[in-house]
Each structure stands twice: as C-alpha cells, then as structure tokens.
Amino acid sequence: MKANLICGCLPLLGVIAGGLVGLVFAVFLVAFMLYRMKKKDEGSYSLDEPKQSNGGYQKPHKQEEFYA
C-alpha cells in the first residue's frame with residue numbers, strides 16, 4: 001500500500017518541480033529583458049550638438065532616365 005502511494009506521488013512531484021523551474025526561468029528571462037532595455041536607454045544618445053551629415057542623398061544636376 002505504501003509503495004503504491006509513493007508511485008502515485010512521483011509524477012505529481014515531477015510536474016510541480018518542473019512548473020517551479022519553468023516559473024523561475026520565466027521570471028529570470030523577464031528580469032533580463034528589463035535590464036537590457038534599461039541599459040539600452042542609458043547611453044543611446046549623446047547630448048552634444050548634432051553633426052551635419054555630408055554623406056546623405058544628393059539630387060542630381062540633370063534629370064536623366066536609364067533603361068535596363
């Protein structure tokens with residue numbers, strides 16, 4: 001009788017232990033994501049004056065069409 005009780009409890013204990021490990025992993029994952037988002041926001045921009053870009057798009061002097 002006692003062995004039957006132990007055999008019936010082991011799958012339940014396994015499911016509970018797996019659920020707890022999954023919950024701990026999920027909490028760790030969310031905490032890590034929040035840490036990375038906070039770290040990304042700290043130094044993502046500079047407070048200096050913006051530099052003028054000189055390598056951007058320039059309009060051509062004459063309008064020509066090229067056919068492939």
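Helices (H or I, at least four residues) and strands (E, at least two) are DSSP runs, numbered from the N terminus. By that rule, this predicted model has one helix and zero strands. Residues are numbered from 1 along each chain as its sequence is written. Because the model is predicted, local features need pLDDT of at least 70 and side-chain atom pairs count only at pLDDT 80 or more, while totals for chains, interfaces and linings use all residues; side-chain values use heavy atoms, leaving out hydrogens and water.

**Helix and annotated span**
- The span of residues 12-35 is 100% helix and 0% strand, and its end C-alpha atoms lie 35 Å apart.
- An unreviewed UniProt entry annotates residues 12-35 as "transmembrane region"; UniProt positions are given in the numbering used here, feature names are shortened, and such annotations may be inferred rather than shown by experiment.

**Surface**
- Buried residues (under 20% relative accessible area; exposed means over 50%, partly exposed in between; 1.4 Å probe, protein chains only) make up 0% of the 68 residues.
- The accessible surface (Shrake-Rupley method, 1.4 Å probe; for residues, only the protein chains shown count as cover) is about 7,600 Å², and 66% of this belongs to carbon and sulfur atoms.
- F25, F28, L29, F32, M33 and Y35 make a nonpolar surface patch of about 680 Å².
- Patches are made of residues with over 30% relative accessible area and no salt bridge, with like charges joined within 9 Å and nonpolar side chains (Val, Leu, Ile, Met, Phe, Trp, Tyr) within 5 Å.
- L29, a member of this patch, is in helix α1 and is partly exposed at 41% relative accessibility.

**Aromatic pair**
- A search of the whole structure finds one aromatic pair.
- F28 and F32 form this pair, which is stacked, at 6.5 Å centre to centre and 20° between the planes.
- Rings of Phe, Tyr and Trp (its six-membered ring) pair if their centres lie within 6.5 Å; planes under 30 degrees apart count as stacked, over 60 as edge-to-face and the rest as tilted.
- F28 and F32 are about one helical turn apart because four residues separate their positions in helix α1 (residues 2-42).
- F28 is exposed at 54% relative accessible area, whereas F32 is partly exposed at 43%.

**Salt bridge**
- The structure holds one salt bridge, meaning a side-chain nitrogen of Lys or Arg within 4 Å of a carboxyl oxygen of Asp or Glu.
- The side chains of K62 and E64 form the bridge, at 3.1 Å from N to O.
- K62 is exposed at 60% relative accessible area, and E64 is partly exposed at 43%.
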